[in-house]
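Have a look at the sequence and the 3D model below. This short report walks through the symmetry of the assembly and the surfaces that its chains share.

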Protein chains: 4
Amino acid sequence: MSTTTQAPATPEGDMPDTEDLVLRTRALVREVVLPVDDQFDGDVTAAGGDDLRRQLQAEARQRGLLAPHAPREAGGLGLSMVQRARVFEEAGFSLFGALAINAAAPDEGNMHLLAHVATPEQREQYLVPLVCGDVRSAFAMTEPAPGAGSDLAALATTATRVPGGWRLDGRKTFITGADGAGFFIVMARTRGETGNRGGGTMFLAPAGSPGLHVGRHVPTMDRSMVGGHCEVTFDGLVLPEDAVLGEVDEGFRYAQVRLGPARMTHVMRWLGAAVRAHQVAVGYAAGRQSFGGALADLGMAQQMIADNEIDLAATRALLDVACAALDAGSPASQETSIAKTFGAEAIGRVVDRSMQLCGGLGVSADLPVARIAREVRPFRVYDGPSEVHRFAIAKRAVRAVREQAAR
Amino acid sequence: MSTTTQAPATPEGDMPDTEDLVLRTRALVREVVLPVDDQFDGDVTAAGGDDLRRQLQAEARQRGLLAPHAPREAGGLGLSMVQRARVFEEAGFSLFGALAINAAAPDEGNMHLLAHVATPEQREQYLVPLVCGDVRSAFAMTEPAPGAGSDLAALATTATRVPGGWRLDGRKTFITGADGAGFFIVMARTRGETGNRGGGTMFLAPAGSPGLHVGRHVPTMDRSMVGGHCEVTFDGLVLPEDAVLGEVDEGFRYAQVRLGPARMTHVMRWLGAAVRAHQVAVGYAAGRQSFGGALADLGMAQQMIADNEIDLAATRALLDVACAALDAGSPASQETSIAKTFGAEAIGRVVDRSMQLCGGLGVSADLPVARIAREVRPFRVYDGPSEVHRFAIAKRAVRAVREQAAR
Amino acid sequence: MSTTTQAPATPEGDMPDTEDLVLRTRALVREVVLPVDDQFDGDVTAAGGDDLRRQLQAEARQRGLLAPHAPREAGGLGLSMVQRARVFEEAGFSLFGALAINAAAPDEGNMHLLAHVATPEQREQYLVPLVCGDVRSAFAMTEPAPGAGSDLAALATTATRVPGGWRLDGRKTFITGADGAGFFIVMARTRGETGNRGGGTMFLAPAGSPGLHVGRHVPTMDRSMVGGHCEVTFDGLVLPEDAVLGEVDEGFRYAQVRLGPARMTHVMRWLGAAVRAHQVAVGYAAGRQSFGGALADLGMAQQMIADNEIDLAATRALLDVACAALDAGSPASQETSIAKTFGAEAIGRVVDRSMQLCGGLGVSADLPVARIAREVRPFRVYDGPSEVHRFAIAKRAVRAVREQAAR
Amino acid sequence: MSTTTQAPATPEGDMPDTEDLVLRTRALVREVVLPVDDQFDGDVTAAGGDDLRRQLQAEARQRGLLAPHAPREAGGLGLSMVQRARVFEEAGFSLFGALAINAAAPDEGNMHLLAHVATPEQREQYLVPLVCGDVRSAFAMTEPAPGAGSDLAALATTATRVPGGWRLDGRKTFITGADGAGFFIVMARTRGETGNRGGGTMFLAPAGSPGLHVGRHVPTMDRSMVGGHCEVTFDGLVLPEDAVLGEVDEGFRYAQVRLGPARMTHVMRWLGAAVRAHQVAVGYAAGRQSFGGALADLGMAQQMIADNEIDLAATRALLDVACAALDAGSPASQETSIAKTFGAEAIGRVVDRSMQLCGGLGVSADLPVARIAREVRPFRVYDGPSEVHRFAIAKRAVRAVREQAAR
C-alpha cells in the first residue's frame, strides 16, 4: 500500500490566476448564492439541503469554480493555502458560498486528507465523487463526554480485528454533515485502552453500511451546515481491510494533517461572513441619519467601524502567515492556533459590533447580521475552544523559553 | 382633571417581607415556570402566548405573587424599586418568570406610568384589569427611521383636534406586545412640526378601535415576549377627549417618569436570566472532567467563573444604587443610564462566558444558555443603545465639570 | 490575657456626620495637601517623608480630621467601614491625602488590627501613639520567593521559644513603611515546618531592636509611600512574651481580620486618585479645541468619559456592598475579593483613559495623571494579584453550586 | 532644483542577507547594549546621552550594522521596509538598541525623508553626517495647543520671505531629540492663514542659528530618547533660500512621505521591547513556583502568555502587510494606520500582562518590565493618538462603501 503525506504538486506553469478567481467567485456569490441565503435566512433546512447544494454547485461547476482547493488530477483547481485564503473568504460572504464551490466543511477538509493519505483506489472511490459534488462526506472523530476530540487517550470507539477486516463499535457526536453523507471517515481505537494513548486508525465507511446509524441532529444555534451536526453510532459495523485510510495506528497523525489546514479554511470562510456583516453595517450607518448627521460620522460609530477594519485586517494577516507556513511544509501548529484563536474571537467581535451599529434592525431578520452572528458564535468552540488553543500556545511558548535557557 | 406624578404611598406598616417574596417567587419559578420555559425553548409562540400567560398568572395569583410592583389599591403588592430588584431578578431566572408574576415589559412599565399619571376613571378602566392580568397593553412610542424614540423633535405621528376629541395618524415599530394587547398608550405630536420639538401627548387607545392596525411582527432574535415586537399603524384613529393620558403636550415628560424605572426593571429581569446561565455553566464545569480534573478547576475556567461573579455583583450593586435614588424621588438619570449600560453589557458577557464554558453543549439547545444569549443580546440596543446612554453620561459629566469650573 | 476580635462599638448617638467630614476632608486636601503633592510630583522622598507627614497631620489634627477610622477611645473618629468609604475616597484625591489624615497604609490597617486584637497594655504602648501620629508602623508578613504572603504553608520566618520569650529569624520583603517605622507587626512560624500549614503568630517588635534590620527599598514604580517598600531581616531578634499579639498560632486568623478591611480601604484611597485623574481629564477635554469643537464633544472622547463614569460608579457600588457586609460582622470574603479585583482593574482603566484623553500632556508631568498611573498600577498586584482573587472567587462559586447540588 | 519622492533603488544583486543581519543585531544588543540599558534603568539621561550614543554606535559601525535603513550611497545598508521590520524589532529588544544602530527616532525618519526629498548638496551636508552618526537631528512639526501636528490648517509657525531667504517665527513642542541635535527640519507656514489650509514648507535649520532656541524638556514618562522631547522657539530665525527642503508649499505632502514609514519603524522598535518584556515574564513564570507547580503552568498565567503570543504575532503580521504595501510604492495610509493603532495597543497589553505575570518584581526596577511599560505607554499618543487613527480608518471605510454604492 502506497500512502503519502505530501499532496501532489500542481505544475507552476498552470497556476490559476487567484485574483481572477476571487472576482469570479464574488460574481457567483452575489448573483446566485446570496439571493438564496437571504430568502431562507441562511437556514439550510428551510432551503432544502442537498437539493440546494446540487443546484448551487451546478452553477459553480459551469463557471469553473468547483473545489478550488482540491488537486487538479481529482478535478479541483489545485490552489495553495495562501491562494485559497482570498477565494474562500470571498465565498464565505454568503453562508452558502463555500457550499456552492464545494469548499464547505467537512468535505473540504476531507478532500485535503484524502489527497494526502488515500490509496489510488480510495481516491477513485471516494475523493473523485466528493470533489465533483456527487456525494458529501463526514468526519467522525468527536465523541460524547468524557470522550474527546483531539485527545487520543480519551478515544472510546473501538475497531477490533475480525476475519477479513474490522468491527467498529462506539458513539460519536457533533458529526457535521452526517445526515445524507455518502461516506464517513471514522476514527477508532486499534491499540491500547481508553485512558492510555495507544493507537487510533482512520476508516472509510460508506453510508448505509449495516451497523452505522445516524442519530438525531444536535440542535445547535448555527443552521447553515447541510446534514447538520449529528450523533452517530457504530454498532458492530464491519469494514473490509481496504477501508483503512493510511496506516493502522497512524490516525492521529493524519488528523493533524487535516486539522491545521481545516482550521484555517474555517477562518477564511467565517472571515467572509464577518466582512458581509461589516459591509452591511457600514452601509446602514452611512445612510442612517442620527443626531443631525450620518450615524457613520459619529465618533462612537467610527470607533466600531475602525475596530472592525482592524480586526478584519489582523485576522487576514495572521491567516496569511499561517497559510504561508503550511504551504512551506511546516505543521505550523503555533501559527494556526494563533490565527484560529484570534480569528474566531475577532470575527465574533466584528459581527457583534455590526449588529450594534444597525440598532433595532441589527437584531432582526430584516438584515443578515443577526443570522451571521448566530452562525459564527459556535466557531469559538468548534475546532478547539479558544481556551484549549491558548493552553497549547502557552505551552509552546514556555517550552521555547526553557529550551533557550537550557542552552 | 386631576393628575399627579407621585405614586400613591404604601403605608410603611404593611410593607411586604421582601426576603419571603424572593423565596416564594423562586419556588414558583422552579416548580411551575421553568418546566414550560425549557419545554418550549423559551419561545413564547411555540408555548402558546396568551394561553400560557393566563395559566402561569393563575398560579402566581393563587400564591399571592401577582404584580408585586403595582400599587396596592390597584391590586399589586406595592414594592419599592429597591424591593422589586431582588424579586424581579428571581422571576427573571426563567424567560417566562416575569410574565408569570405579571411584571413583564411593557405591562410593568405601563402600570407604573398609569399609577402616576392616570385619572381615577382611567385607572379603573385600564390599570385595574392590567394589574390583575385580564388584559395586556402596549406602549407605542418608537417610530421607523427617521422617526425616533426618545427624541421629541423626530416625532412624526400626529394627533390633530377633531370635534369631541383627536385624530391620530402615523406609524410605529418595535411595539412590544402589540399583537393581542387590550389597549395602547400612544405618543403623538400635538404641537409643532417634525424637526422641531413642539409637544407630544400620550393617548389611551383600546385595541380594535377603527384606524388602529397591528401589522407584522418584526422578526427579532429574541422570542420570549408575548405579542412580539410589532409594526402598528394609526390611520385616522379617532379618540375621545378623555383618552388623553395626563396633560396635553406633556407626554415626553411622562415618558421620562416611565423610562428610568422601566430601564431598571429590564436590568433586574435580564440579570436573573444571566444568573441562570451562570449557574448552569458552573454546574456543568463542576461535573465535566477535562485534562484530568474538573473543568471548573482549570485556571481559564476559573477566570470565566470569577468574571461572571464580578459582573453579576457589579450589575446588582449599580442597580441598587439607581433604585435607591429613584425611591428617594430623584429622576436618577445618570444612575439609571450607568446601571442600564453596564448591566446590559455585563449580562451579555456573563451569558457569553457561560456558553463558552459549556463547550459544544453551550451552543446547542440541550442547555438553556444559547437561548438566553439570544434573548439578552437585543437589550444592548433596546431601551436606548449603549452608545446613546454613553453620550448622555458623558454630557452630564462634562456639564458638571464645567459648572464647577464656572463657580 | 484578654483579646477580642470585636472592635469596641461607637455609641450611636455620637456618630460623626459623614457628609460634613467629607466636605472638610475635601477642603483639607484642596487647600493643604494637593499643593505639596503637585509640587513634588507625588514623590514622597522628594517631599521629605516623615517631615511632610508630621506637617500635614498637624493641619489635619487641628481640623479634627485625624484617624477617622480609629476607635474613639484611641483618639480616632470611630467611623464604620461604610462611613469611611466616602471620607477615604475624598482623602485619596491627593496621593498624600490619606497620609495627612493618618489613614495611609499600612498604619490604617494596623490600627484596625490592634483595635481588634491587642491587650490594653499593647494598645496603650502601640495603638495610641500610632493613632495620634507620633509613630508609623509596618506589617511584616510577605516573604521573598518561594515564601508567600497569605499562604501559611509557605511561611519561612520562624519564632522559636527562648527563656522569657521568642527568637525570630527570617526575611521579609515589600514591607511598606519599614524605613522609619516605630514598630513592626511580624508574622512568624511558631508551629510546623515550611511546606505544611502549622501555626503562625504575630509579634510586636519595636524598631531598633537588636537583630531587626531594615534593608534596601525595593525600587517600585510607585513612590508615594512614606518609608518605602523595604526588605527586612530578622537575625536572632529576641522579643519578650508580651510581644505576642493575640494568641500564639492564631496569627493567620488575625491576618484575615486585617486583610478584608485593608483591601477595601486601599480601594477607597485609589478610587479617590482615579477620580482626580478623571476630573483633570474631563476638564482638559472640555477646554481643548479639536476638529472644530471641544475635544469633550467628540464621540470617542465621550466614550472614554462615560466609561470612566461607569467604572467609578461600579467601584463605589461594589465597595459599599462589601463595607456594609463587613460592618454587619461578615468576613465578607467574596464581597471584598470582588470589590478589590474589580476596583483595582477599573481604577487602572480610568486612569489610563484619562491619560489618553489628555494626549501629550497626559503622558507628561505637566498634569498629575501620569504620576497617578504610576501609583495605581501596582495595586493590581499588591494585596493579592487579581489572578489569586479570581481563583478564590471561582472556588467559592463552584463550592456554592456543589453544595446546592448535594442537597 | 532636482527633488524626487522616489528613494534611490538598491541593486538587487547586492541585497543584504536579512536573516544574518538579524542575528548580528541580536548579538550586538545582547553583548553590548543590554548591559548599559539595565545598568542605567533605560534612562538615557542617567546613561550620558550623546556620549553613550557615540560609544554604542562605534561598536555597531565596527560590526557593519549602522543605519541599515539608510541608502547605500549615503552609507547605510539600503534595507526595504519589509527587511528592516525584523532588524529593527531585534534592535528594539533593548531601549537603546535602535540608538546603537542609528535607527532611533527621529533620525531614522529624517534619513528616510532626506533620502527622498533633499538635493544632492543637502544630502551631502545633512544626510551623510546623520547616517554615519556624526550628528543627530530633530523634526520640528508639532505645535503647542491649539496648534496641531498633522493638521495644516492649524499650523501657526510662519516663514516669511526676506531678502535672500526666509524668516521663521513660532513655537514647537514635543520635539524629540532637540537638545543636542545638529540640525532641525522645521515645518512652517508659507501660504495662507492659521485656520485655513494654505501651504506649509519644510526648512533645514542648523543648530545654533540665531533665533533658534531649544527650551525645556517636556517631562514625559518615557526617558530613553537622547535629547528628550523639547519645546523649541523660532524668534526671527533667518534661513537662506537653499534651506528649503523640497518645494515651497509642499511640506505636508513630504510629511506624509515620512509619516507612514516612521509610524511603522516605531512599531518595529516597540515590538522588540514588548518581546523582551514577554520573554522576561515567561522566564520568570517558568521558574517561579506557585500553588504547587510552576506559575507558567497555571491556567490564568497560560492565558496571559498565550494572549501575549497572539498580540505579538498579530502586530508582526499587520506590520508586514503595511511594509509590503509601502515597499510596493503605495502610500498605504489604511495599512499603516491599522498597524500603528493595533500595534501600539497590543504592545501596551503585552507589557502590562508581562508586568502582571511577574508580580511584585514586575512593578519594581529589579526586572526591566516596569521601565519598558513606562516607555511604551506614550506610543498610544505619539505619532497620532489611537483615536485620530480610528477616525481616519473609519472615514476611509465609509468612503469605500459609499463609492461602491454609487457605482
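What follows takes the chain pairs in turn, looking at how the copies are related and then at what makes up their contacts.

## Chains A and D: the symmetry

Please keep in mind that this is a predicted model.

## Chains A and D: the contact

How many residues does each chain bring to this contact? Chain A gives 28 residues, and chain D gives 28 residues as well. On the side of chain A that touches chain D, at least two residues come from each of α8 (251–287), α9 (299–327), α10 (333–357) and α13 (386–406) of chain A. Of these, α9(A) gives the most, with 11 residues.

## Chains C and B: the symmetry

Now for the other pair. Chain C is superposed on chain B by a rotation of 180° with 0.0 Å of shift along its axis, and the RMSD is 0.0 Å. In chain C, A317(C) has the C-alpha nearest the axis, 2.6 Å from it. Here too the same surface serves both copies, as 100% of the contact residues of chain C recur in chain B.

## Chains C and B: the contact

This contact takes 28 residues from chain C and 28 residues from chain B. Which elements give two or more residues to the side of chain C that touches chain B? They are α8 (251–287), α9 (299–327), α10 (333–357) and α13 (386–406) of chain C. The largest share comes from α9(C), which supplies 11 residues.

Sorted by class, the side of chain C that touches chain B holds 20 nonpolar residues, along with five polar and three charged residues.

Terms used
Residues are numbered from 1 along each chain as its sequence is written. Chains are lettered from A and ligands numbered from 1 in the order in which they are written. This is a predicted model: local features need pLDDT of at least 70, side-chain atom pairs count only at pLDDT 80 or more; totals for chains, interfaces and linings use all residues. Copies are superposed by least squares on the C-alpha atoms of residues with pLDDT of at least 70 in both. Two residues are in contact if their C-beta atoms, placed from the backbone, lie within 7 Å. Helices (H or I, at least four residues) and strands (E, at least two) are DSSP runs, numbered from the N terminus. Ala, Val, Leu, Ile, Met, Phe, Trp, Tyr, Cys and Pro count as nonpolar, Asp, Glu, Lys and Arg as charged, and the others, Gly among them, as polar.
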